[in-house]
Amino acid sequence: MAILEVLAHPSDKYGPRTWANAGEAGLTVAFACDFSTAGERLTHRAAGDRYVGIQLSRDSLNRDSALEAARKLFKAVRAAQVSVLNVAGNGLYTLDRAGINQEWANRFVGSVIAMVHRHYPLRKVISGGQTGIDVAGAVAGVYLGIDTKVLLPRGFIQRGRDRKDATHSAEEIRSQIETGARALEGALLI
């Protein structure tokens, strides 16, 4: 049975958690509609050459786009010969501007990771636990039965759709992820 770890970094800042996640993973995949945000630039710096970006748009919620993204990620995972994947990307406050909600993110990211995992089994998924893509990565890991680690800033801080940071409990974050994973049943694009 897969393990879901929900942990808080000693720092309440986002940067240290971003560096820790990228450092633990063999590869970081960033799903974003806007790669110019401070978070996406930091993620790219932290991951260095162990980074692959997947462009998102509201129009890409279809099997063909998911398959194209999965092929790109599969090539990167296989080339780097990694089994630990850090999933990062835009939060809901950025995704909203492109018309992307949490369910859409969960479905798309889940579909992409499922296709990759089918052909190149992953041992672990890591996520920063933020709304949007981070949560979608954790949801995918749990749904697919992959050990999943979610590392948030101290206080289990999560930035909401309103761009405000709020503290949570580990149980609240766990519930978000497990609820999202249950909702993926029969919803993947593959």
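View 1. α6 lies across β1, β2, β4 (84-89), β5 (124-127) and β6 (147-152), and runs at about 145 degrees to β4. Contact here means heavy atoms within 4.5 Å, and angles run from 0 to 180 degrees between N-to-C directions, with axes fitted as lines to C-alpha atoms (for helices, over the stretch in contact). Helices (H or I, at least four residues) and strands (E, at least two) are DSSP runs, numbered from the N terminus. This is a predicted model, in which local features need pLDDT of at least 70 and side-chain atom pairs count only at pLDDT 80 or more, while totals for chains, interfaces and linings use all residues. Residues are numbered from 1 along each chain as its sequence is written, and side-chain values use heavy atoms, with hydrogens and water left out.

**View 2. α6 is mostly tucked away.** Nine of the 11 residues of α6 are buried, so the helix is largely enclosed by the rest of the structure; buried means under 20% relative accessible area, exposed over 50%, and partly exposed in between (1.4 Å probe, protein chains only). Among the buried ones are Ile-133, Asp-134 and Val-139. Just after α6, look for Gly-145, with a positive phi of about 75 degrees.

**View 3. α5 meets α6.** The axes of α5 (residues 102-119) and α6 (residues 133-143) come within 8 Å and cross at roughly 50 degrees. The two are therefore oblique to each other (under 35 degrees counts as roughly parallel, over 145 as roughly antiparallel, 65 to 115 as roughly perpendicular and the rest as oblique). On the α5 side the contact includes Ala-105, Val-109 and Ile-113, and on the α6 side Val-135, Ala-136 and Ala-140. By class, it has eight nonpolar, four polar and no charged residues (Ala, Val, Leu, Ile, Met, Phe, Trp, Tyr, Cys and Pro count as nonpolar, Asp, Glu, Lys and Arg as charged, and the others, Gly among them, as polar).

**View 4. The six-stranded open sheet.** Its order is β1-β6-β5-β4-β2-β3, with parallel pairing; two strands pair if DSSP finds at least two bridges between them. β1 (4-8) and β3 (51-55) are the edge strands, each pairing on one side only. From one strand to the next, the twist averages 20 degrees. β2 (residues 27-32) and β3 share five parallel bridges, and Ala-30 has Gly-53 of β3 as its bridge partner.

**View 5. α1 meets α2.** Here the axes of α1 (residues 14-24) and α2 (residues 38-47) come within 9 Å and cross at roughly 40 degrees. Trp-19 of α1 and Leu-42 of α2 are among the contact residues.
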